[in-house]
Amino acid sequence: MKNHLKIGRKFLHLAVWLMCLAGELCTADELPTCLPKDYHYEFTECDSSGGRWRVSVPKPLTCVGGAPNPPTRVNDCRISCDAGTYFNRTTLECLSCPPGTYSLGGGIKFDSWEHLPLGFHVSVESFESNFRLLHNFAADSGVNCSEYGWKPKKSFISSHGGPCAATLSYSVELVKPGVLSYYYQYTDPSILFNFEAQNDQCQSIEDVEKYKWPRLTEEAKWRTSTVQLKAGLNVLYWKTMGMGFSDKMKKSKPIRIKKIEISGVAYTSECTPCAPGYYSSSGSKLCTPCPENTYSDAGSSDCTPCDAMTQYSPKGSAKCLERPPCTKQDYYEIHAPCDEMKLTQLIYKWVEPKICRDDVPGSVSLPTSSDRIPCPPCNPGMEYSNQSMCAFCEKDHYSDGSEPCRKCPPSTAPNYGLFFKWWPEIPPGMYSRCMTLEEGGCMSNVVWQPSGDHIRTTSGQSLDAYLILSLDVPGFRTKERLINGQSAEIGTVSFTFELQCSQTCVFAFMMSSNRKTITEIQSWTGRTPKQHFSYDITVDDGYTFNWVFQKLGIGENASSEAIQNDMAKIYDITVLNTISGGASECEPCPQGTEAQGVLYRCIPCPPGHYLKDSESLECLPCPYNTYLWKAMPQGSESCRSCGPGLRSEDGQRCYSDCRVYLIDGTFFDLSTLAPYMEVKGSPLFTASGTQYFHVFNISLCGQNGRSTAMCRNNVTYHSLDPQTEEMVSSFVCRATIVPSQNGDGHESLVTQSVSIGDTLVGITTKHKLGDIEVVDEFVKSSEGQSDIHFFYTSPEKTQACSEGRSTTITLRCDSSEEGNGVITPPSSCSDGTCDGCNFHFLWKTRLACRVCTESDYQIVRGECVQGKQTLHYISPQGCILPDGSSEAAFRRTVPCTVIPKQIQLLIGAGVGIGILLLVMVVYFWKKNRKLEFKYMKLVQSSSSKDCELPAAESCAIDEDEEEHFDSVAFSDKKKGILGKFRTIRVGNNKEKQYRTVYLEEDQIEHETE
């Protein structure tokens, strides 16, 4: 009966309490009197003297009155306990945590992300960026930014880039200087990842630049970032912004934060129970995961074993799992070592750890070993060592894999490389491993299994685990060199693979080196038929090549039964020209061999020369205006013609000195332009006002055909070595600038420097060169002008630009733009690109006008002053002087005279007439002299008849006659020859028809008589 009364009273009290809560009864008289067990301790806020009070308070709306303990003064507000202890409010001292719990002391930890922990806040804002422009996300398009915010994913919290800026924030009050540590994964450089820490005055912490930009991590690997915090209020921000550049790009890889720890906070009044699958002993600061085949509940001090016969569990399990029946996927085969008869046998082993049962109906048993079979051939460049395993040939030897190694003949060198096409075992230098974001996700130590003619992935791992096959290559034999401004191929990696997937599995080929962190070269998704892939190596360095397979992407859902047997197969892997490995053959050396460490390599033909053929071993130079495009050239096809407007004399590279000649004779002299120009892109802003923009550096022709434009990062998160500095040198490069919030330009962030024009491939007036085309806006606005187009390429492939990047720069004559003029992007693509891969710029300047020719000028002659005359050449619009001068006209001085031209002409005519008359006088004088001589000769030879002359046959000398006398002397000295001529009468004068003329000889005779 008493028990019934007690139960009735309890129900009555409960009903009264519920009615009070509902507002029906709210007077304190109806609540019971507080008992000592109803009280708990709390602390007041710290007062001005640095202390506070501990007071006893009941739980709200449970009781009233009673006799609470008196308040207790605590003089230090900065009480903090060590890790593994907690602050007991009753005894006011730090005590050890009981078993099954842990404590960070004066710290807090967040490593469970089933939901957003208390105190964290997520905000998302849209911002104007290339991502929005490229993906047609207009400002009013209603983009759902919540899809791109920070989202809890059980074991981590993640954020994708995208068209929105996402911020994860947390505020914490530190009672003493503390440390923030967060465990993150950041593999995609197309996302900008930023960390900020501010105090209660919104001021950034000291040395913020050390922590502001977390560095990239390798695929599936985590990195810890540590930040020093001061006492007081600290507001922590983790921000992500998508910086993608292609509408064809795949979804960016998220940034993940797995764990956040903060020390220096106030005491903890209780210890935290261990999570399921973990346990701890007394005074633990961390919980320990349960070993394999054990489990535990929350708050456990130890782990309980599973039934060894029927159950199993991975590491850190909260429960045991039933062992399934064994299948063919639970064992694998290997080749036993070859014996002296070169025989082997197939041996089968269970995948360890074995989690299946072979003693239940429907299970398979482990097959017995096979009979002795012939050993498979070794891979090229290898031979059986000690009649058991394959090993590489020694130096200067070669083998096709089926025959023993042989020494190379003289004047030849081995073609060292790695040639894997047979898979009886994992070859030397190759290894496999499993990586997962979850504890216990990698349950088997066999990740990639050799299977004769291929190597494949195994089952038994978690569906989202990364199954990685790695190959180490210490370096390559050929020295690095440039061909036509591009790095020449010094080696090649190629492989043949197949994906057998029922869902969206992912297979990726990745590469890392001593200089650069891991980079994804190419990836494939879903079922993929057998195909071959090849990648050229241009930098001599030590490399690790990785083939990564993931059955199910993180965050995706699928039936485990459906994809458990999904696998990737690799049939062959070849790496050429390595310093390690073996040789499959020996190559002829046209210039002999030279030592390279302990190996020998062929001395190549001189730069710009190619090997005529393998028989003659003669090196020939490439023809004029061609260049050598192969690192190991053989045959005339190794030389390619330079692009339009380019030339080459040495066969090594094509270049331009910025002097452009067109077919019609038009000449453009662009060498007077600045050696490089800087172009600032349009400002881009986040919704909160954060600004960033792009800067383009342009070197039109470079220096002696070599690029001179440089973009340099001042943040080195892309590099594994934090001391290295990233710098890009090319004809056209681009960098992302985030201005300093303080307005100090020297503190601005310069990051994501990339080349968008490594090689100048042509200069032409045509709008298209190969696959590169000038944007339509520039073509339509040319208005018949002879624009000059420069075409550049950057062959480096990225996830966004699978064919690399290209740039066109259009030079346009504009007489109103003096000096270097202005460079502008297309109005439709304000940042120079509309797709993120092809960039376009219009350069307007007077210096882009054609050079004037002689026929273009109007000549104005000045006066002749002191024998000199100035000619003024006035240039028409649309052309410039040869030296690029801005003068509208130039002068030239020529000799001249003060006599007018008309008088000069008259004087010249008079002189000419005088000379003509003189010539005529001489001519007739000589003619008369001949006539006189003839006449005298006739007189001398006359007959005896006096006063009678013989008849003259001719009055002139015949052609065959010569003058016999140089001179004739006349007796009549008073008269000259003209006078004597006048005495001769010819005609009808009857009075006196002639006169006797005496010669000297006749005169003497006459006088004697």
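# Close-up views of a predicted model

View 1. Ile 913, Leu 916, Leu 917, Met 920, Tyr 923 and Phe 924 together make a nonpolar surface patch of about 630 Å². The structure shown here is a predicted model. One of the patch residues, Met 920, belongs to helix α6. Met 920 has a relative accessibility of 36%, so it counts as partly exposed, since that class lies between the limits of 20% and 50%.

View 2. Four residues, Lys 926, Lys 927, Arg 929 and Lys 930, form a positive surface patch. Lys 926 sits in helix α6, which covers residues 901-940. How exposed is Lys 926? Its relative accessible area is 46%, and Lys 926 is therefore partly exposed.

View 3. A disulfide is a covalent bond between the sulfur atoms of two cysteines. The model has 18 disulfides by the distance rule used here, which asks for sulfur atoms within 2.5 Å. In the pair formed by Cys 97 and Cys 271, the sulfur atoms are 1.9 Å apart. The torsion about this S-S bond is about -85 degrees, so the disulfide of Cys 97 and Cys 271 is left-handed. Which parts of the chain does the pair tie together? Cys 97 is in the loop between β5 (93-96) and β6 (101-102), and Cys 271 is in the loop between β16 (255-263) and β17 (272-273), so the linked parts are 174 residues apart in sequence. Cys 97 and Cys 271 are both buried.

**View 4. The disulfide of Cys 378 and Cys 390.** The sulfur atoms of Cys 378 and Cys 390 lie 2.0 Å apart and form a disulfide. Because the torsion about the S-S bond is about -85 degrees, the disulfide of Cys 378 and Cys 390 is left-handed. Cys 378 is placed in the loop between β27 (373-374) and β28 (382-385), and Cys 390 in strand β29 (residues 389-392), so this pair joins parts that are twelve residues apart in sequence. Are these cysteines buried or exposed? Cys 378 counts as buried because its relative accessibility is 2%. Cys 390, with a relative accessible area of 15%, is buried.

**View 5. The disulfide of Cys 408 and Cys 586.** Cys 408 is joined to Cys 586 by a disulfide, with an S to S distance of 1.7 Å. The link of Cys 408 and Cys 586 is left-handed, with -65 degrees about the S-S bond. Cys 408 is in the loop between β31 (406-407) and β32 (412-420), whereas Cys 586 is in strand β45 (residues 582-588), so the pair ties together parts 178 residues apart in sequence. Both cysteines, Cys 408 and Cys 586, are buried.

View 6. The loop between β22 (311-312) and β23 (321-322) holds Cys 320. Cys 320 has a relative accessible area of 18% and is therefore buried, as the limit for that class is under 20%. From C-alpha to C-alpha, Cys 320 and Glu 292 are 9.8 Å apart in space, and they are 28 residues apart in sequence.

View 7. Phe 497 is part of strand β39, residues 491-500. With a relative accessibility of 0%, Phe 497 counts as buried. Phe 497 and Arg 456 are 41 residues apart in sequence, and their C-alpha atoms are 9.5 Å apart in space.

Methods:
Residues numbered from 1 in each chain as written. Predicted model: local features only at pLDDT ≥ 70, side-chain atom pairs only at ≥ 80, totals over all residues. Heavy atoms only, no water. Patch = residues over 30% accessible without salt bridge, like charges linked within 9 Å, V, L, I, M, F, W, Y side chains within 5 Å. Areas by Shrake-Rupley, 256 points an atom, 1.4 Å probe, with all protein chains shown as cover. Salt bridge = Lys/Arg side-chain N within 4 Å of Asp/Glu carboxyl O. Lys, Arg positive; Asp, Glu negative; His and termini not counted. Charge placed at Lys NZ, Arg CZ, Asp CG, Glu CD. Helix = DSSP H or I, 4+ residues; strand = E, 2+ residues; numbered from the N terminus. Buried < 20%, exposed > 50% of the residue type's maximum accessible area, 1.4 Å probe, protein only.
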